[in-house]
Amino acid sequence: MSLYEKNLHELHDMLKKKEVSSEEITREYLNRIKQTDDKLNSFITVLDEPAIDQAKKADKIISSSDDFDPLTGIPLGIKDLISTAGVRTTCGSKILESYIPPYDASVIKKLKAKNAVIVGKLNMDEFAMGSSNETSYYGTVKNPWNLEHIPGGSSGGSAASVSARQCCVSLGSDTGGSIRQPAGCCGVVGMKPTYGRVSRFGLIAFASSLDQIGPFTKDVTDCAIMLNAICGHDPSDSTSAKRDVPDFTKALLNDVKGMKIGIPSEYFIDGIDSEVETAVNAAIEQYKKLGAEIVEVSLPHTKYAVSVYYIIATAEASSNLARYDGVKYGYRTEDAKDLSDMYFKTRTEGFGSEVKRRIMLGTYVLSSGYYDAYYLRAQKVRTLIMNDFRNAFEKCDVILTPTAPTAAFKLGEKTSDPLQMYLSDIFTISANLAGTCGVSIPCGFTSNGLPIGLQLMGKHFDESSIIKAAYAFEQSSDYHKTIPTIPNL
Amino acid sequence: MEFEAVIGLEVHAQLLTNTKIFCNCSTKFGNAPNENTCTVCLGLPGALPVLNKKVVDYAMMMALATECKIAPYSIFARKNYFYPDLPKGYQISQFELPIAEHGKVHIDLGDYKKTIGVTRIHMEEDAGKLVHDGVGSDPNSSYVDLNRACVPLIEIVSEPDMRTAQEAVAYLKKIRQVLVYLGVCDGNMDQGSLRCDANISIRPVGQVELGTRSEMKNMNSFKFIEKAIEYEIKRQIHVVKSGEEVVQETRQYDSHKDITLSLRSKEHAHDYRYFPDPDLVPLRIDDAWIEEMRSALCELPDAKVARFVEQYKIPEYDAEVLSSSRSLADYYEETVKHIDAPKAVSNWIMGDILRELKNDKLDINECPITPKMLADMIKLITDGTISSKIAKTVFEEMYTTKKAPKVIVEEKGLVQVTDTGAIEKMINEVIAANPGQLEQYRSGKDRLFGFFVGQVMKASRGKANPKIVNDILRDKLKG
Amino acid sequence: MSITKQEVQYVAKLARLYLDDDQAEVFTEQLDQILGYIDQLNEIDVQNVAATSQSIATENVLRDDVVDNTYDRELSLSNAPLKEDGFFKVPKVIE
């Protein structure tokens, strides 16, 4: 077994036993990136030399201590909307093509303090607006399981890179499913923590009230380790939760006896792919066998989630993206007649069409005369969606659903129909609106070999319960051990 | 038809905090361009705001001082528009649910008093500064300095309760006075720490509905505000009388030409798309916090005036002048502590002291005469050591040399002559030297009495006790 | 509700985006479709429902008024497309 096939906790054990160095691991991943990224396009920026330097630094710590952090010396990738000091951070957009943040995001500070090794910045939909990674200015990411298919989005690079073993773990962000949906598409574990768990300081905003950073990992154990590393209060983020962070690895118990797993009927609807439904039903059966109690719950406002989301997220985005005006950083048009022309040309040339579409929608729903009809109404329905979850969680510990209605669709299949594209997020959006945590874990494959994702959602700040449920399922299955074969390597 | 003006003011006051409203950059004025900036106030991607508690404290103090009701729950909103001095493309302000509403301010126009309603007070961040001239090499460029971006402001919005330019100025002066009293704003209009926009409309006297208003932007002195409003009222009356309609628009005062000019009409009105800022959390203010701020308030101008009238039995006018600033009021009270002559002290401060300070462009804090010195000098008058006239000389000497009044009196031999024998001798000499005037006086020209007093005072080099001079002189002139 | 091409151009102007006629046409069609879908929200009676801006309710996040100079201000202009003498430089603003 190659080093790059190993999980974080396995590599940590090897580093502890001094069987391998961080530099060796890092070189192997960098080599793997070189071999595969022409086909996958997961990375926007690869940090060869800086990664080796960081690995050497980590090795010094490792050689002088037996008790170092699980992340020390571990190569990881970062979605290219998390600010990294001195390293270009594009957000998948032309408008930030040359932008080099002068500061580290709070999560990056945490990872650097643990001497993790950042191997590169990962491709994504432009400004995290997309479900297929096809809106990136830096080209589409391909699904490692089938290069004709999308990797999911917007954290497509984060999902594909872990799935294809180009890095050990990665960070992504989830605004409406942008971690869980690509994790499902690529057959890896992707966790969106509770809103406020992970500092957003330095995360380039799409929709501030929904955005949350989370990890992609090869298994649930690594997910718990990553959560331990990135969660916690940050005084620089007003929305960061002042909550104690438990040791999430304590939830890796392989015991779900008596755990109540809620199944919302609203998630098993027409339009859900039959293979997906079969796989998810099999998972439910598996949980029964493991001793969990399956209960029916209702999330009656689920069908409104996409509408609410596309009002709130685009409204916030239209404002968040106003700062890209060519004055302080980023792209500025070459030829502007005057100030007004500079604004218009910079933004028209700098943003792609999906971003423009959402800025337009968000501007419209906030504009004079429409605020009450759209934005305020959406905020009220958001309350109803939150109440749904509150009521459901009175009856269960976690909620189980498919991550998406279908497995990864084909590249280009939905690019001309934005609404159909938006509807592919129908199962993941509610968790963002309600602020709850959610994880996608692999639960099977379609007949043509594409992974199927199982979503587990938990109460606010109860990531431990979904880790516990996810871990028990994983221990009773092999899906997480299957590695995609990238053709013609 | 007779018209009346309806005026409402929006006052922006920069708060005297150490740091900006949403980041810990310094608010220091006059630093090199973009020196007071960081990830947050530059609006860098990913940077997030955190509210400065002091800003809330100060806003609450002003709210309490203007009798506003403080909202138990308030939120910040984003006001979206593009401008190079606005780094995020939106200004964080309060829109719905501001921190305070429904206050009032009392103004005194001399002839009458009036209460002006305060609609609301809200907190917001300032924008940066655009420099067009005097920097850089390119006349076709503007230059952006973001030092001021994110500096805390409160906006105080009045009801349209003012009817004349004088009322507007009196209101603004009162707002400024209270802000400076509280120590929450330096009130400096030149540097832009205090800015004022006015909404002005006219209507026929007796009409209830408001006319179409124009908005006057950024007037930076009391004088210009008064002139601008006066001009604008006249202009609108002229427009209506010529059978046209007033257009809703933003106008600017041109102080060189003493006219107002249209900046932009509301056709190009902004659509600010306000919505709650998702990066900030709501503000919950409980009674304990309000009481904490209330107890931190100093005595306010209105209360001080009332107390001065009551405690020192001085006229209201004196009390108002003395209370115009906290430091002047403190100076007065300190002086009165040393000598129990409240009206005399008031006269000296309002007259000689304020005149000298004004000539030298000094603040009362920089006055060369300390309250103790002033009190000592007044004591010398009341105990008869010097005359009021001599006191003027002592005062001038004190002001320039900072010497104690007693020292000046001794050094210059200015002690008042009260010896009747000596005075009588001088009077005899004066009468003997002016036989013509004496004759005229005795034949009925009473006004010449003053002439003889003057001559005697001159002979005594001002030191003769005027009362004794009067008494003896009157007697002697009778013959 | 349906959106007109004129409204699309108005919104584009607010958002500082140029749209040529063809793009405006496409956006009008797409936005109209999305807004048509969003109209489903009108089915719900929300009269007595409070609005939610944030899913996790927090209040009074405040910091002390203490200057912190740890940010390297040299970097403030490091990404400026155009700068001079410590200023960001933009086409002349005409007021």
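Across the interface of chain A and chain C, 17 residue pairs are in polar contact, both residues at pLDDT 80 or more. A polar contact is a pair of N or O atoms within 3.5 Å; within protein, one must be able to donate a hydrogen and the other to accept it, and residues adjacent in sequence count only if both atoms are side-chain atoms. This is a predicted model: local features need pLDDT of at least 70, side-chain atom pairs count only at pLDDT 80 or more, and totals for chains, interfaces and linings use all residues. Residues are numbered from 1 along each chain as its sequence is written, chains are lettered from A in the order in which they are written, and side-chain values use heavy atoms, with hydrogens and water left out.

**Interface of chain A and chain C**

- In chain A, 64 residues are in contact (heavy atoms within 4.5 Å) with 50 residues of chain C.
- The two chains bury about 5400 Å² between them, 68% of it on carbon and sulfur atoms. Buried area is the accessible area (1.4 Å probe) that two parts lose on being put together, summed over both.
- On the chain A side, Phe344(A), Met360(A) and Arg377(A) lose the most area to chain C, together 14% of what that side buries.
- One salt bridge is counted between chain A and chain C. A salt bridge is a side-chain nitrogen of Lys or Arg within 4 Å of a carboxyl oxygen of Asp or Glu.
- Lys303(A) and Glu43(C) meet in a salt bridge through their side chains, at 3.8 Å from N to O.
- Several helices of chain A each supply at least two residues of the side that touches chain C, among them H9 (305–320), H10 (339–350) and H11 (353–366). Helices (H or I, at least four residues) and strands (E, at least two) are DSSP runs, numbered from the N terminus.
- H12(A) gives the most to that side, with 12 residues.
- By class, the side of chain A that touches chain C has 34 nonpolar, 17 polar and 13 charged residues. Ala, Val, Leu, Ile, Met, Phe, Trp, Tyr, Cys and Pro count as nonpolar, Asp, Glu, Lys and Arg as charged, and the others, Gly among them, as polar.

**Helix H4 of chain B**

- Trp289(B), Ile290(B) and Met293(B) are buried in helix H4 (residues 287–296) of chain B. Buried means under 20% relative accessible area, exposed over 50%, partly exposed in between (1.4 Å probe, protein chains only).
- Seen down the axis of H4(B), the buried residues fall within an arc of 100 degrees, so they line one face of the helix. The arc is that of the directions from the helix axis to the C-beta atoms.
- The face turned away from the buried side carries the exposed residues Asp287(B), Ala288(B) and Ser295(B).
- The cover over the buried residues of H4(B) includes helix H1 (53–65) of chain B and strand E1 (62–63) of chain C.

**Salt bridges**

- Over all chains, the count comes to 55 salt bridges.
- Asp318(B) pairs with Lys343(B), the closest N and O atoms being 2.6 Å apart. This pair links distant parts of the chain, helix H6 and helix H8 of chain B, 25 residues apart. Asp318(B) is buried at 4% relative accessibility, whereas Lys343(B) is partly exposed at 36%.
- Lys337(B) and Glu334(B) form a salt bridge at 3.4 Å, N to O. They are three residues apart in helix H7 of chain B, and therefore separated by about one helical turn.
- Glu84(C) and Lys89(C) form a salt bridge at 3.2 Å, N to O. Glu84(C) is buried at 16% relative accessible area, and Lys89(C) is buried at 14%.
- A network of salt bridges links Arg200(A), Asp237(A), Arg78(B), Asp277(B) and Asp279(B).
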